[in-house]
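I opened this entry to look up strands, helices and ring contacts in one model. The notes follow the order in which I went through them.

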Amino acid sequence: MPQVKIIAKNFMDMVASLPAMKLDKLYDNAFICEAILRSLPPLAKKYVLQMLYIDEPVLATSIHEWVLADGESKHTVAVDRLVQLRVFIETVDRKKGTTYRLNTKFQINLQKHIVHGHFAQDVLILEVLFYSDTNGLPLNSIRSGVLPREPMPSTITVRLPSLEDLEAYAAEQWECFLLHLISSGQTERTTNFSSSMMKIFQRGLLSQRDKEAPKLTESGFQFLLMDTNAQLWYIIREYITNSEERGVDTADLISFLLELSFHVTGEAYNMNTLTDIQRNVIKDLADLGLVKLQQGRKESWFIPTKLATNLSISLSDLSSRKQGFVVVETNFRVYAYSSSKLLCEILRLFSRVEYQLPNLIVAAITKESLYNAFENGIMAEQIRLWESDMNRVEMTPASLFDEFPSRDVFEAACDFAREYGGVLWEDSKKMRLVVKAEILGQIREFLRR
């Protein structure tokens, strides 16, 4: 999968970027508190659990004593993350020194969630400690506590789709969404999407001049080359960013989306349990294939797909990447072994499709098709085949770090660089790390501390 310029942050980075007042408001929801807890680095989780029933501020020097000498770097990463998320409230006093206390709302709600959940407190603590690295598992795969809303009984709902049918539905809806993006400038549309989704289209992915049809921007074409998880994160991020323009509070929206990730894929949930704003959000998410809507005689319900329950998974998950094979001959004839209508439309952006069989698309890259590609916002840099003889290497300013004092320091430096999207290369055996020059100052300061 090619590298693209659009960077989709994960959910917890979005949470950390919220103003202090909105973060505190977010912690009114006990499920959000648990979601935050599960997202923390292992050592940060340990600190939260140790301070969960301590009401007085704790000296930074005292917390520092809870970790062994070779865990210095992980300690710094843990405390920094807790402060970013306002789980730790930091106070600096010239006489007493730096102290930390748990965010009061976070502390109270997490206490209640642990005590009143389905599992006992000691079970959750063991779960957090022994499963501290969930390796990208959905939050609902190791759930505790009571769901935000319970599934509807089968006696009320009609026959629900199987998990296979639901996955096919989600893939079809998402492909429809992308086809709509490609065909926005055409008179024939694939489907009707809400105004909320169209606003996201217009921001960065499409451009439109006076009396001209919308066209893909360079970022729009890059977006089409992303894997599904990265595309989803980009759209969700933009959806959250412009939420207040639609009269929706950012913290409320993030809270509901994180809540949604605790639901069970394939189960039916009553629409009457939602607020008016949440119903509108669900309808938007249905356009994207995150949920499927169904109507019974008296009740209506939504069914989460994997796209919804996996919202908290990091972008490293590769399961959603599209399968297929593309062969390009030296005469610039292209053979794409795929039955995807979306892939055919993407090829049509920069090549002339000659014919299409049930599982094969044959196209040709011509001078005229490239002119059309440039008009569609595709840059020469993105069609590397035509520039391969001249541009075999892409130069990126970087810095090399080696001779780390310990593996813990090396791993912490790697984690820190990844947080800023600055890792270019790493060698775990020889403990060498190459980072982008733009984060050199931050990583030096991190290592100095």
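Below are my entries, from overall counts to single residues.

**Overall**

I note at the outset that the model is predicted. I looked up the secondary structure of the protein and found 19 helices and 15 strands. I then took burial: of the 449 residues in the protein, 47% are buried. For contacts between residues at least 6 apart in sequence, I find that 66% join residues at least 24 apart.

**Sheet β1-β3-β2**

I looked up the strand order here and got an open sheet of three strands, β1-β3-β2, with antiparallel pairing. Which strands stand at the edges? They are β1 (58-59) and β2 (88-93); each has a single partner strand, so one side of each has no neighbour in the sheet. I followed β2 to β3 (residues 97-102) and found the two antiparallel, joined by six bridges. Within this sheet I noted T91 opposite T99, the latter in β3. I also looked for a helix against the sheet: α4 (residues 42-51) lies across β1, β2 and β3, and runs at about 80° to β3.

**Hairpin β9-β10**

I found β9 (residues 325-328) paired with β10 (residues 333-337) in the antiparallel sense, over four bridges. F325 stands opposite Y337, which is in β10. I checked the turn as well: four residues lie between the strands of this hairpin, and F332 takes a positive phi near 70°.

**Sheet β13-β15-β14**

I looked up another open sheet of three strands, with the order β13-β15-β14 and antiparallel pairing. Its edge strands are β13 (398-401) and β14 (423-427), each pairing on one side only. I took the angle between neighbouring strands of this sheet and got 10° on average, direction ignored. Between β14 and β15 (residues 432-436), which run antiparallel, I find four bridges. D427 stands opposite R432 in β15. Which strands does helix α18 touch? Helix α18 (residues 407-419) packs on the sheet and touches β14 and β15, with its direction at about 160° to that of β14. Helix α19 (residues 440-448) lies across β13 and β15 and runs at about 20° to β13.

**Helix α12**

I compared the length of α12 (residues 228-241) with expectation. At 1.5 Å a residue its 14 residues should span 20 Å, and the end C-alpha atoms are 20 Å apart, so the two agree. Is α12 enclosed or open to the outside? I find 13 of its 14 residues buried, so α12 is largely enclosed by the rest of the structure.

**Aromatic pairs**

I searched the whole structure and found nine aromatic pairs.

Why do I count F404 as buried? Its relative accessibility is 10%, and the cut-off for buried is under 20%. F410 has 2% relative accessibility and therefore counts as buried. I list one cluster as well: F416, Y420 and F446 are linked by ring pairs.

**Charges over rings**

I found R246 over the face of Y239, at 4.1 Å from the ring centre. I also found the charged end of K292 over the ring of Y169, 4.3 Å from its centre.

**I277**

I located I277 in helix α14 (residues 276-288). Its relative accessibility is 40%, so I277 counts as partly exposed. Leaving out residues up to four places away in sequence, I find that I277 touches G247 and V248. I also took a distance to D252, 25 residues from I277 along the chain: the C-alpha atoms of the two are separated by 9.5 Å.

Note on methods:
Residues are numbered from 1 along each chain as its sequence is written. This is a predicted model: local features need pLDDT of at least 70, side-chain atom pairs count only at pLDDT 80 or more; totals for chains, interfaces and linings use all residues. Side-chain values use heavy atoms; hydrogens and water are left out. The expected span of a helix is 1.5 Å times one less than its number of residues. Buried means under 20% relative accessible area, exposed over 50%, partly exposed in between (1.4 Å probe, protein chains only). Two strands pair if DSSP finds at least two bridges between them. Contact means heavy atoms within 4.5 Å. Axes are lines fitted to C-alpha atoms, for helices over the stretch in contact, and angles run from 0 to 180 degrees between N-to-C directions. Rings of Phe, Tyr and Trp (its six-membered ring) pair if their centres lie within 6.5 Å; planes under 30 degrees apart count as stacked, over 60 as edge-to-face and the rest as tilted. A charge sits over a ring if NZ of Lys or CZ of Arg is within 6 Å of the ring centre and within 35 degrees of the ring normal.
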